[in-house]
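Visitor: Could you walk me through this model, please?
Guide: Gladly, let us look together.

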Amino acid sequence: MGNQRTAIAGEPVVRISTLAPRQKFPGALARNAPAYLFLLPWFIGFFGLTLGPALVSLFLSFTDYNLLQPPHLVGLDNYARIATGDDKFISSMKVTLFYVICSVPLKLVFALAVALLLNRGIKGLPVYRAIFYLPSLLGSSVAIAVLWRQLFDSDGVVNTILWQFGIEGPSWISNPNYSLYTLIVLAIWQFGSPMIIFLAGLRQIPIDMYEAASLDGASKTRIFFKITLPLLTPVIFFNAVVQTIDAFKAFTPAYVISSGTGGPIDSTLFYTLYLYQEGFGYFRMGYAAALAWILVIIIAVFTAFSFLSARYWVHYDE
Amino acid sequence: MSDATFATAADAIEPPTERSRLLSIAIHTALIAASIVMLYPLIWMLAGSVKDQNEIFGTASLVPSHFDFSSYIRGWEGTQVSFGKFFWNSLVIAVLSVIGNVMSCSLAAFAFARLKFWGRNFWFALMLGTLMLPYHVTLIPQYILFLELGWVKTFLPLVVPKFLAVDAFFIFLMVQFFRGIPRELDEAAMMDGCSAWRIYWKVMLPLSLPVLATAAIFSFLWTWDDFFGPLIYLSDINTYTVQLGLRSFVDSTGSSDWSGLFAMSSLSLVPVFLIFLFFQRLLIEGIATAGLKR
């Protein structure tokens, strides 16, 4: 054990290995064994439930597999069909991209705007913060999806309120032109969790920067664009990446609102819902594995682009 | 995170004036209006659970003309299986998941944060990499694995992975916290001849209760709300969780029993709401740390 702590970077090195001189090989074993024992559950999970399955699903994506017969190799057929002849793939991709592109920026703008308002030292901050945070905590449950379906029903609350203003609202859920918007509104309603992160980020901006700027006579707009926003870019970046990945993975609301169909006319067919239908509705496991790998690639490309772009707009302090 | 100890941007910029007082009133008005919009759906659902069947739709009112709690009894009985069974199933899965996550993730986090071993940086990078990996890519082989093991239609596929530290987010959260604990404490223990296990158990864990509680709370919430996992692995209605029970309630009663559905929907949110009430600070600090300390 004594050798373990000898070379941790940046720490004062205290050698007590003289107390327990060991031969090289058992020494190495004794040094490493405890750590690997601590990591044993993680290793089993990593190889057995993450890395192994990921590789198997890569293999399955080149096969035709229905759980009953053993998988047989079909080469690139699955990917070829996805690329050329799968209308549902196209429509699910469109629906998902539209959902991501609309819901993420709007959610972040709301989160930032409310965080800025709350950060003005107003009274009752904990109460407001709690109220705005609550929906994002409840939002992913089936109960909320069920509730949403009723709110936007043809004779639901939304239309009742619109009717009082003399507007005849459409049947939001069953009209393919509007159904996806109800899911976008549901996502924006849950802006609480990025808002909390923005609030914490705003509090980390050193107060003397504001004092110096206002002594220099800078206007509030200028202070916002020259101090607040640049110093907040790491947090904006984090929220944008996390929220985008989450939006790509959204499943429950679309499933519940469309009763698992992705309808009407595939208007709420999220990519994950399509993957679920292929894999667990039709048991086309090979095809679903290919769909999953395409999702991984899309998310990876998006993440890589975000990190590449980050060096141009994200302000990191030295 | 204490609200009182932080000065804010506004304090530094503006001295209190008539104009700023008006502005403050305007801000409060906007925030109160926003609060109403945010809470309206939830209160409407709660009100709907005690409203008369035909009073739910066609009115935006939040106040029922009379309170009828029979919907809770009707809903609780469910269609084939009582909601009591669904709640019990959800509770079992959630509690086991909490235990599994806290144990396995703290073990791994301790090794990453405190022990020096061959390949540490390599494994740590791989662990962080799994944070980004969408679960869809492991979904199908995992399903096949659990099918081969005969675990499908039991709780095992939902619980066992939690004991194997598959949720890297919690490892990450705990590593961050462990690194903040002064090293002198475990060095002193090591001088006294304590084993790594004793340092983990007697020094680190007692000092890490906040992060362990945060991990436990998020584990509970995410497992409680999980719909996808139970949807895939549980097909016998006797094993349904609350989320699946609600879905089947919608499917089987259709549009006939709205107040019963709203009653059970509201009940299904009660555990989440209680956790929110009692552990809000831990939740908020948990998210804020995850967002800031990368």
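**Where the two chains meet**

Guide: Chain A and chain B bury about 9,500 Å² between them, with 78% of that on carbon and sulfur atoms. This is a predicted model, in which local features need pLDDT of at least 70 and side-chain atom pairs pLDDT 80 or more, while totals for chains, interfaces and linings use all residues. Residues are numbered from 1 along each chain as written, chains are lettered from A and ligands numbered from 1 in written order, and side-chain values use heavy atoms, without hydrogens and water.

Visitor: Why is that area called buried?
Guide: Because buried area is the accessible area (1.4 Å probe) that two parts lose on being put together, summed over both. In chain A, Phe38(A), Trp42(A) and Leu49(A) lose the most to chain B, together 9% of what that side buries.

Visitor: How many residues make the contact?
Guide: The contact (heavy atoms within 4.5 Å) takes 104 residues from chain A and 102 residues from chain B.

Visitor: What makes a pair a salt bridge, and how many are counted between chain A and chain B?
Guide: A salt bridge needs a side-chain nitrogen of Lys or Arg within 4 Å of a carboxyl oxygen of Asp or Glu. Between chain A and chain B the count is zero.

Visitor: Which residue classes form the side of chain A that touches chain B?
Guide: That side has 72 nonpolar, 20 polar and 12 charged residues. Ala, Val, Leu, Ile, Met, Phe, Trp, Tyr, Cys and Pro count as nonpolar, Asp, Glu, Lys and Arg as charged, and the others, Gly among them, as polar.
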